[in-house]
Amino acid sequence: MDGETQQRQTRFSALVVLVLLSSQCCSQVTDTVPQEPSELEDNVCSGGRTCGDCTAIDPSCGWCTQQGFTEDTGFLRCDLIQNLINKTCLNITYPVSSVIIEENEELRDADPVLGDPVQVAPQKIRLKLRPGESVNLRVSVRQARDYPVDLYYVMDLSGSMRDDLDNLKVLADRIATEMGEITRNFRLGFGSFVEKTLSPFTNTTPSSILEPCPGCQPTYNFINHLPLDVETSLFSEKIRETIISKNIDSPEAGLDALMQITVCKDLIGWLPKARHIIIYTSDDIVHIAGDGKLLGITVPNDGECHLNSETGFNDRANEFDYPSIGRLSVRMREHNVIPIFAVTVKHIDVYEALSNFVEGSTVGVLYADSSNVVDLIKDNYAKITSKVEISDNAPENLAVTYTSHCLNEAPNPGSKVCIGLKLNETVSFDVTVEATSCHDNTEQSFTIGPIGFDEVLEVAVEVICSCDCEDLSIANSDYCSNGNGTLSCGQCVCDAERYGKLCECSSGEDTEVSFKDKYENVASCRASSNSSIACSGRGECICGECACFERTDKKEVISGRFCECDNFSCERYNGELCGGAVRGQCVCDEKSRGSVCKCQPGFSGDACDCSISTAGCVASNGLLCNANGVCECNRCKCDANSTFKGSTCEICKTCISKCSSYRPCVECKIFGSDVISPEECDKCKVVVVIDSELPNVNVSNLCVFPGGFNNCSSSYNFVYKTLDNGTVLVHLQDQPRVCDPNGDGSGKQPTVVIAQPVDILLLVIGIVVGIVLIGVILVSLLRLATYLLDRREYARFEKEQQAAVWDEGVNPLYKPSTTEYKNPAYAN
């Protein structure tokens with residue numbers, strides 16, 4: 001009893017939450033009569049066998065820990081929370097997702113008393129998440145004034161950059177001055193790169209190694225000339241001391257340089273509380289991962305620091321391949337480094353593509369001699385500081401989505417960026433975190449923060465895939481058939497070779513349980529008294545209860561009291577079960593005792609294949625299917641006898657214009673026609689204006705209809721025009737018409753003679769027949785001309801055959817059978 005009391009105390013808080021969920025249910029809890037399982041609604045929770053499994057199935061599922069609950073009532077322990085309340089379960093375990101803010105300092109600038117600035121709030125949060133359930137939180141960001149800026153200038157010093165270096169020596173002092181105007185708290189550093197010192201990218205002959213070009217310094221991979229320093233005069237001094245170098249091929253070792261600048265934070269001098277920016281200048285493209293194989297290098301870049309602390313050179317550049325863009329991007333994100341690529345226009349497309357993979361980076365066009373480098377730094381720094389883009393490194397089983405709240409803008413779901421900001425302006429982001437699946441029992445963590453900031457929101461996540469009551473299990477409990485199982489969360493978990501709800505059955509070979517005793521409750525495993533199959537043929541009846549078979553695919557589950565349901569045999573739409581998770585879910589319908597699709601709001605049908613919306617059926621005149629069809633599953637089904645077809649029943653191939661489409665709306669608004677219902681008439685996007693004379697419009701927009709409506713003998717004319725907002729403006733000509741309400745023809749006849757309308761169908765048929773006849777005549781004439789020409793040519797051929805004279809001769813290939821010899825000494 002002590003164990004039971006302890007369990008009830010631990011679940012008391014969960015029961016209080018349930019009471020608050022529905023006061024109506026709580027007031028009826030003592031009067032509710034348990035229903036039979038066949039009367040239950042669709043139940044997604046029916047497959048839960050343990051409390052932990054039940055928690056992970058769906059956020060709507062709860063677990064009844066009351067002992068004897070299923071044995072006494074015949075209901076499931078894992079059930080919809082509302083069902084458990086209705087079934088008067090006394091002890092319910094229902095874990096609830098929660099958000100706990102552990103650290104939340106207010107946003108502020110740097111303060112002598114309070115210390116460093118705070119640009120992201122809150123700073124630490126702890127989440128408890130049930131699988132499939134999401135929680136919301138808000139992250140605020142504000143860029144502090146005079147926030148420290150570390151600006152590292154790295155330059156391509158290959159031979160083609162000679163004039164750029166000369167200009168940079170002149171502009172060095174201006175760079176320092178301009179940055180001083182942007183922020184008072186900044187430091188400058190300088191480095192350069194050329195290439196790996198291996199053939200064929202570098203000339204490795206002894207003379208070229210020492211002097212690759214006249215007046216050049218030996219080729220090197222990367223050198224840190226000046227670590228970040230507040231003495232900006234050193235920046236100018238180091239640039240003036242720099243000498244150009246040279247390599248053979250066009251691409252440079254720029255990615256090697258960026259990697260070393262990023263990861264060698266101590267040697268470069270990055271401050272932990274500062275904005276880290278790299279100015280990268282080059283007039284050519286870069287070598288990428290894999291190019292090192294041409295040098296005989298097969299070891300991938302390790303993304304670690306290899307700078308010599310004394311010389312500043314990358315001593316191990318020839319041991320590792322060039323970094324991949326992906327690894328470089330990850331390292332820059334980890335160290336909050338943002339590059340500005342200042343490159344010549346010839347290769348701007350390459351660096352813009354590279355920028356797409358490096359978070360927060362920008363690209364600018366550098367003049368051939370780098371004369372505009374100062375303006376590029378100012379402009380791109382302004383772009384970086386005027387934008388806040390938030391990102392995260394959440395694990396795969398956590399789905400994170402954002403909604404931005406930028407200045408003077410409406411909330412933008414799916415957006416993670418705010419632009420056009422100034423210093424000390426605050427923006428916020430609503431963050432939704434959902435656990436898509438269970439994880440092991442270890443706590444997970446990730447960070448959310450703006451790109452380029454060293455401050456982040458630390459998020460610790462506990463995915464709830466187990467129950468507290470499982471930690472209070474009682475081994476060898478007397479409740480479980482004299483100690484043959486463990487009492488866990490109100491039910492027995494049987495020992496080996498024991499089974500049954502209370503572990504009352506044994507499967508051991510030495511048992512004396514007879515066949516009849518083992519299956520004496522098999523009738524309770526049949527779905528109906530007329531059925532001879534236990535557990536629907538998809539499970540085993542064990543001591544009066546169905547144990548459903550397991551599937552090879554663990555995602556496929558057979559469930560239900562009689563194993564009559566599953567989550568894989570529902571109707572499919574577009575190859576997906578119930579049309580996919582967006583449209584519906586395959587659940588157990590205990591009324592029909594089978595699996596059916598439970599459609600999401602907005603969808604219906606056996607496979608959730610039918611959209612309830614009618615937005616796709618609205619014609620241009622505002623009517624559903626142009627009043628010439630019915631809207632089924634958000635698609636128009638046009639009347640079979642109607643001449644109107646198409647997606648909204650507006651296309652009429654035999655109609656010259658859209659007059660017939662607008663006629664019902666005009667007649668119902670002006671003449672009170674009953675061609676369409678008053679409700680449909682109200683939906684017409686047609687505004688009718690009666691004029692004495694029609695305005696001049698395109699002839700194709702003129703509509704003329706004969707009399708006969710409400711026994712009126714005169715015709716009526718109108719023109720139409722579609723306004724920018726989609727409304728159709730109709731000008732109806734006001735002309736006299738005579739009507740005979742009794743329909744006996746006694747009304748006065750109109751004085752205006754109205755031309756009879758042309759039968760459009762006969763006109764079209766006549767035109768088609770005429771075109772066909774003309775075609776046949778032209779083909780016949782062409783065939784006759786060809787016949788006469790051939791006949792004349794054949795007659796000329798026969799005449800030439802008769803006049804031909806053939807010469808007789810000997811075949812030069814023929815050799816006679818006899819040979820004649822003449823004796824020259826014998827006179828004839």
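**Note on the disulfides and nonpolar cores**

1. C51 and C467 are joined by a disulfide, with S to S 2.0 Å; a disulfide here is a pair of cysteine sulfur atoms within 2.5 Å. The link is left-handed, with -90° about the S-S bond. C51 sits in helix α4 (residues 51-57) and C467 in the loop between β20 (457-463) and β21 (485-488), 416 residues apart. Helices (H or I, at least four residues) and strands (E, at least two) are DSSP runs, numbered from the N terminus.

2. This is a predicted model, in which local features need pLDDT of at least 70, side-chain atom pairs count only at pLDDT 80 or more, and totals for chains, interfaces and linings use all residues. Residues are numbered from 1 along each chain as its sequence is written, and side-chain values use heavy atoms, leaving out hydrogens and water.

3. C51 is buried, at 2% relative accessible area, and C467 is buried at 3%. Buried means under 20% relative accessible area, exposed over 50%, and partly exposed in between (1.4 Å probe, protein chains only).

4. The whole structure holds 23 disulfides. One of them, between C438 and C465, has its sulfur atoms 2.0 Å apart. C438 is partly exposed at 37%, whereas C465 is buried at 16%.

5. The largest nonpolar core has 38 residues, and Y153, F235 and V373 have the most contacts inside it. Such a core is a set of buried Ala, Val, Leu, Ile, Met, Phe, Trp, Tyr and Cys residues joined through side-chain atoms within 4.5 Å. Helix α7 gives the most to this core, 7 residues. Apart from it lies another core of 29 residues, including V120 and C465.
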